[in-house]
Amino acid sequence: MSTTADPTGRRLLVAAGAIALVQATALLGLAVLDLTHLVDERVGLGVGIAVMLLVFGGGLAVAAIAVMRGRHGGRGPVLVAQLISLGLAWNLRDAGDDVVRGVSPVLALAALVVLVCLFSGPGRRAMSRDEPA
């Protein structure tokens, strides 16, 4: 990154990437939990869900690191993940379990922060630079 680059945009990308990396870590953790709590009657379903979570979590981690480095290719997957998080948060708001209902605002807030960071003027300018970060 050149010395004339806006440090605010760089900080926004690092913040967005760090939040997405935490989300990716949560997905990978859920995959491990799913694999450790398999039920005999539903082994196929449990393994399938775990594999899906591993793929999504790994992909989001790669995209988050790319965003933190200012690489344009990571922006799209991170944006899609945040839109999915907003939809999930909306659906969880009426859940019967208090713990699950409590996750809803955390998901929504994290997704909104990442979206603001990536759509802000400095964030977009920092992402559009050709120089590697």
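1. From the N terminus on, the elements of the protein chain run α-α-α-α-α. There are 5 helices and 0 strands, both taken as DSSP runs numbered from the N terminus (helices H or I, at least four residues; strands E, at least two).

2. The model is predicted: local features need pLDDT of at least 70, side-chain atom pairs count only at pLDDT 80 or more, and totals for chains, interfaces and linings use all residues. Residues are numbered from 1 along each chain as its sequence is written, and side-chain values use heavy atoms, with hydrogens and water left out.

3. The C-alpha trace spans about 60 × 30 × 15 Å along its principal axes. Of the 133 residues, 33% are buried (under 20% relative accessible area; exposed is over 50%, partly exposed in between; 1.4 Å probe, protein chains only).

4. In α3, the buried residues are R75, V78, L79, A81, Q82, S85, A89 and L92. Seen down the helix axis, they fall within an arc of 160 degrees, so they line one face of α3 (the arc is that of the directions from the axis to the C-beta atoms). On the other side, L83, I84, W90 and N91 are exposed. The buried residues of α3 pack against α1 (7-36), α2 (43-68), α4 (98-119) and α5 (121-128).

5. Which residues make the contact between α1 and α4? From α1 they are L12, L13, A15, A16, I19 and Q23, and from α4 they are A110, A111, V113, V114, C117 and L118 (contact means heavy atoms within 4.5 Å).
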